[in-house]
Amino acid sequence: MKEKVALLARLLKESNRTVFFSGAGISTESGVPDFRSPGGIWDRFDPDEMTFQRFVSEVKCRRSYWELFRICWKEFDGVLPNPAHKAIAELEKLGKLEGVITQNVDGLHQAAGSSPDRVFELHGTMWEIRCLQCGRDMPWKEAHEKLERGEEIENCPGCGGLYKPATIAFGQSLPLETLRQAQELSVHCELFVSVGSSLVVYPAARLPEVAAKSGGKLVIINMEKTPLDDLAHLIIRGRAGEVMSEVMREMGLW
Ligand code: NAD
């Protein structure tokens, strides 16, 4: 482990174009569970009901979707970034980072100090709600209070369209411009560090693949194996916060 941490510290020092890529595993040490582990969201909700198509067409599925968010807002409002988020934010401040591409919707990179324009949220954010038709926003706290009172979320007062949390549901397209920027970063990076992702959710998982196949060095920090391990220059099995703290100490930054 010590040698691997030292190698990552050296790679980070040497690289002029580093990109981080994060998944749900980076936030578990902050108290936000990943979806697939036992007791996670998919034990409580049926993923088949959570598709975009069913959200727009079935009242029952829409209610389940809002219920999922009622729980998430209640549980995750106020959770704090952990050392992995903080290390990434600090590396950016030191000019060591092009950006962080994240599959997460929890906003913890920005909370840790990463510049919002350097965070590429592939799956949107849970802290915004938007009308699917005209793009009008509704504050999440307003929606949360309504749901807590047992009320329904009404349609947009401007155009009558459906409101939806600004996260990407199964079957919904990823934000095109964000995806384009993320692809560009991945193709041109020297070092691509994936932290806390199972690398099974596509198209996001194509980015580490693209980075490695375009000549970037792929580093994977994750608790368990991933399908892209064979492409990796370095694999560190461990907890994201602990590993990144050691890396920062090794670099003499913490
Ligand atoms: P995932 O749930 O598929 O996989 C998480 C991976 O992280 C697992 O392989 C697990 O072994 C690993 N892991 C867990 N804790 C870890 C830790 N402390 N250190 C290192 N590794 C750890 O997550 P995913 O690949 O990001 O895909 C799930 C999808 O669900 C994503 O697309 C994301 O949008 C969404 N999601 C987001 C959040 C969030 O915003 N925090 C939480 C759950 C799910």
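The following exercises, each with a worked solution, concern the predicted model shown above.

Residues are numbered from 1 along each chain as its sequence is written. In this predicted model, local features need pLDDT of at least 70 and side-chain atom pairs count only at pLDDT 80 or more, while totals for chains, interfaces and linings use all residues; side-chain values use heavy atoms, with hydrogens and water left out.

**Exercise 1. The two domains**

Describe how the chain is divided into domain 1 and domain 2, and characterise the area buried between domain 1 and domain 2.

Solution. 

Step 1. Domain 1 comprises 1-32 + 81-123 + 173-254, and domain 2 comprises 34-78 + 131-167. These bounds come from an automatic or database domain assignment.

Step 2. Between the C-alpha centres of domain 1 and domain 2 there is a separation of 28 Å. Contact, meaning heavy atoms within 4.5 Å, involves nine residues of domain 1 and five residues of domain 2.

Step 3. Buried area is the accessible area (1.4 Å probe) that two parts lose on being put together, summed over both. For domain 1 and domain 2 this area is about 480 Å², and carbon and sulfur atoms give 69% of it. On the side of domain 1, A24, V32 and H123 lose the most area to domain 2, together 49% of what that side buries.

Step 4. The residues on the side of domain 1 that touches domain 2 are five nonpolar, four polar and no charged. In this classification Ala, Val, Leu, Ile, Met, Phe, Trp, Tyr, Cys and Pro count as nonpolar, Asp, Glu, Lys and Arg as charged, and the others, Gly among them, as polar.

**Exercise 2. The setting of N104**

Determine where N104 lies, whether N104 counts as buried or exposed, and which residues N104 touches.

Solution. 

Step 1. N104 is located in the loop between β2 and α6 (108-112). Helices (H or I, at least four residues) and strands (E, at least two) are DSSP runs, numbered from the N terminus.

Step 2. Buried means under 20% relative accessible area, exposed over 50%, and partly exposed in between (1.4 Å probe, protein chains only). N104 has 7% relative accessibility and therefore counts as buried.

Step 3. The side chain of N104 reaches the backbone oxygen of G23 at 3.0 Å. A polar atom of that N104 side chain also lies 3.0 Å from the backbone nitrogen of A24.

Step 4. Residues up to four places away in sequence being left out, N104 touches S22, G23, A24, I26, S27 and G124.

**Exercise 3. Salt bridges**

Solution. 

Step 1. Side chains of opposite charge can pair when their charged atoms come close.

Step 2. E148 lies in helix α7 (residues 140-148) and R70 in helix α4, so the pair ties together parts that are 78 residues apart in sequence.

Step 3. E148 is partly exposed, with a relative accessible area of 37%, whereas R70 is buried, with 18%.

Step 4. A network of salt bridges links E67, R70, K74 and E148.

Step 5. E49 and K60 form another salt bridge, with their closest N and O atoms 2.5 Å apart. E49 lies in the loop between α2 (41-44) and α3 (52-57), while K60 is in helix α4 (residues 59-76).

Methods: Polar contact = N/O pair within 3.5 Å; in protein donor to acceptor, adjacent residues only side chain to side chain. Salt bridge = Lys/Arg side-chain N within 4 Å of Asp/Glu carboxyl O.
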